[in-house]
Amino acid sequence: MRLVLVALAAIAPLALGGCEDPVVEGETPQDQTEAGDDDAAPAPPVGDVEAITPLEERVATLGLLNKRNNESQDLEMRPGEVREIGPVIVRLSTCERTAPWEMPQETGAFVQLDVLERGQSDHTRVFSGWLFKESPSLNVVEHPIYDVWIKDCAMRFPGDTAENG
């Protein structure tokens, strides 16, 4: 039960990262702050959604390790991209990073890993789920030979002068 709560606590910032309070006509985001929130870091205007990197422009950097021969490689992939590396197929559905003003900072990617095992004619799905850079043990790829992990998700947020990554 405790592991489930820890997993939910880690996923919540990514899942809720895009949720914001609606702006009432005529109000500015500053009008909606509650008393005592003066110490909080200022967030960008709510309507500045176009400054966030669209999904198709994000770039995830994944690490892929072959434990048998100790070879690792970095894969730069965009959401929706599929790569076949030898007997392994890596699919990236999406990647996400919390905004610079949100804490805790988290980087995650939804990844699927299919492996063609010896003597088989079809690939077998060995992993499908979210991987988190800051909490790699939350969701582990359990395969005796291959491992995959998230290293980064390059995207920008309102107020950024250059793309983060």
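Two strands are taken to pair if DSSP finds at least two bridges between them, and strands themselves are DSSP runs (E) of at least two residues, numbered from the N terminus. The model shown is predicted: local features need pLDDT of at least 70, side-chain atom pairs count only at pLDDT 80 or more, and totals for chains, interfaces and linings use all residues. Residues are numbered from 1 along each chain as its sequence is written, and side-chain values use heavy atoms, with hydrogens and water left out.

**View 1. The open sheet of three strands.** The strands follow the order β2-β1-β7 with antiparallel pairing. Because β2 (71-77) and β7 stand at the edges, each with a single partner strand, one side of each is left without a neighbour in the sheet. From one strand to the next the twist averages 20 degrees, with axes being lines fitted to C-alpha atoms and angles running from 0 to 180 degrees between N-to-C directions.

**View 2. The pairing of β1 with β2.** Strand β1 (residues 59-66) and β2 are joined in the antiparallel sense over seven bridges. Leucine 64 has glutamine 73 of β2 as its bridge partner.

View 3. Glutamine 112 belongs to strand β5 (residues 107-115). This residue has 15% relative accessibility and therefore counts as buried; buried means under 20% relative accessible area, exposed over 50%, and partly exposed in between (1.4 Å probe, protein chains only). Its side chain makes a polar contact with the side chain of serine 128 (3.1 Å). A polar contact is a pair of N or O atoms within 3.5 Å; within protein, one must be able to donate a hydrogen and the other to accept it, and residues adjacent in sequence count only if both atoms are side-chain atoms. Beyond neighbours within four places in sequence, glutamine 112 is in contact (heavy atoms within 4.5 Å) with Ile89, Val90, Arg91, Arg125, Phe127 and Ser128.

**View 4. Aromatic pairs.** Rings of Phe, Tyr and Trp (its six-membered ring) pair if their centres lie within 6.5 Å; planes under 30 degrees apart count as stacked, over 60 as edge-to-face and the rest as tilted. By this rule there are three aromatic pairs. The rings of tryptophan 101 and phenylalanine 157 are edge-to-face, because their centres are 6.1 Å apart and their planes stand at 80 degrees. Tryptophan 101 lies in the loop between β4 (88-97) and β5, and phenylalanine 157 in the segment after β7 (146-154), so the pair ties together parts that are 56 residues apart in sequence.

Key
Helix = DSSP H or I, 4+ residues; strand = E, 2+ residues; numbered from the N terminus.
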